[in-house]
Amino acid sequence: MKINGDRLWASLMELAKIGATEKGGVKRLALTDLDKQGRDLVVGWGKEAGMSITIDQIGNVFMRRDGTNNALPPVMTGSHIDTQPTGGKFDGNYGVLAGLEVVRTLNDLKIKTEAPIEVAFWTNEEGSRFVPVMMGSGVFCGAFSLETAYAAKDVDGKTVGDELERIGYKGPQVPGDHPIGAYFETHIEQGPVLEDADKVIGVVPAVMGLSWYDCVVTGMEAHAGPTPMGLRKDALQVSTRIMQEVVAIANRYPPYGRGTVGMVQVFPNSRNVIPGEVKFSIDLRNVNDELLNTMHEEMLAFIDKTRSESGLKISIERVSYYPPCPFHPECVDAVRSATAKLGYSTMDVVSGAGHDAIYAARLAPAGMIFVPCKDGISHNEIEDAKAEHLEAGCNVLLHAMLERARVV
């Protein structure tokens, strides 16, 4: 049993026209007019496939194909259709349209399932217009309140609540008042591991946890010429010690240790002034809480030591934390067995990025399927994937979902 790969590809290309950029990518930010156009297109396709549509108060959309026993909770798949400002055609969009293609294939083959099948797309997964990220699925699972989400503002001061109302996607259903029997999400990997290993399917046993920090090192501005090296209070030089340690900590805990400094602000940022203050971000990740906490403690200890040795003021604040998310063994096994049945090359790949499946996993058994993307590039207009790989991932999704929904 196989899906129609040409139809899946055509749907992806049709959706990609909405918000298309000159470089071949997509800019379709959450709750904009373009997002409304994308939502309307996908909902229209769902209705054409005979699916009923439910929208909740945060704008999550659920497209349902009935089963023979609608008292059972649905087997759900999905992702998101909002993009980054310089986004690609596949991130999120593939997961939604792969679910739609599963339903279209079941319709073509006149296959009935005992449990209903649903395709979801979640609001503001990217977090590029409104914070927090994964907003729709986060409200759905109770990670934060509807009121908090409604109050979030973009750079122009427009709120989520008002924008949902404006585009017509503030639905009546209370978020979370929607059962899930199992949840699968198929996605481009957004990294280079599968392509490097020449594998078609990534079985995802878990998503890494992450800790984000803001660090500020305060020294003293002074003239770069007259001030001797031994008498300087150089905030940047002290900051670079911490930055190097962030990378060293990650390298001490392979294979999933990650340490990144991605944002740096230097004051006064003048070529002949010794920096007096440096603000920078720290991103630590690993696959389980024990390792992530060890990395956290080692970083704090190093900062304490650096503060003592340098005599400079150093502040560190944890601004975000997402615990590691192991997926349900039965869903992981369903993906693994579907891949084996179809004969695709495979390997386990732990996700380093966040996905809506993290929040869905708090409410129901969940699993993910990865396919390669060219050069591991995502969140970029040149993001690309092979049609045959997208088809393969959708075939795995079809069989994994049928294992849970049961053919009758």
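Reader: Hi! Which way does α3 cross α12, left-handed or right-handed?
Author: α3 passes α12 in a right-handed crossing (the near helix is turned clockwise from the far one by less than a right angle). Helices are DSSP runs of H or I with at least four residues, strands are E runs of at least two, and both are numbered from the N terminus. This is a predicted model: local features need pLDDT of at least 70, side-chain atom pairs count only at pLDDT 80 or more, and totals for chains, interfaces and linings use all residues. Residues are numbered from 1 along each chain as its sequence is written, and side-chain values use heavy atoms, leaving out hydrogens and water.

Reader: What's the angle between α3 and α12?
Author: Helix α3 (residues 93–108) meets α12 at about 60°, and the axes are 9 Å apart. Axes are lines fitted to C-alpha atoms, for helices over the stretch in contact, with angles from 0 to 180 degrees between N-to-C directions.

Reader: Which residues make the contact?
Author: Among them are Tyr94, Val102 and Leu106 of α3, and Leu390, Leu397 and Met401 of α12. Contact means heavy atoms within 4.5 Å.

Reader: Switching topic: what order do the sheet's strands take?
Author: The 8 strands run β1-β2-β4-β3-β5-β17-β6-β16 in an open sheet with mixed pairing; strands pair if DSSP finds at least two bridges between them. At the edges sit β1 (52–55) and β16 (346–348), each pairing on one side only.

Reader: How do β1 and β2 pair?
Author: They are antiparallel over 4 bridges, with β2 covering residues 61–65. Ile55 has Val61 of β2 as its bridge partner.

Reader: Where does α12 pack?
Author: On the sheet: α12 (residues 387–405) touches β3, β4, β5, β6 and β17, and its direction makes about 175° with that of β5.
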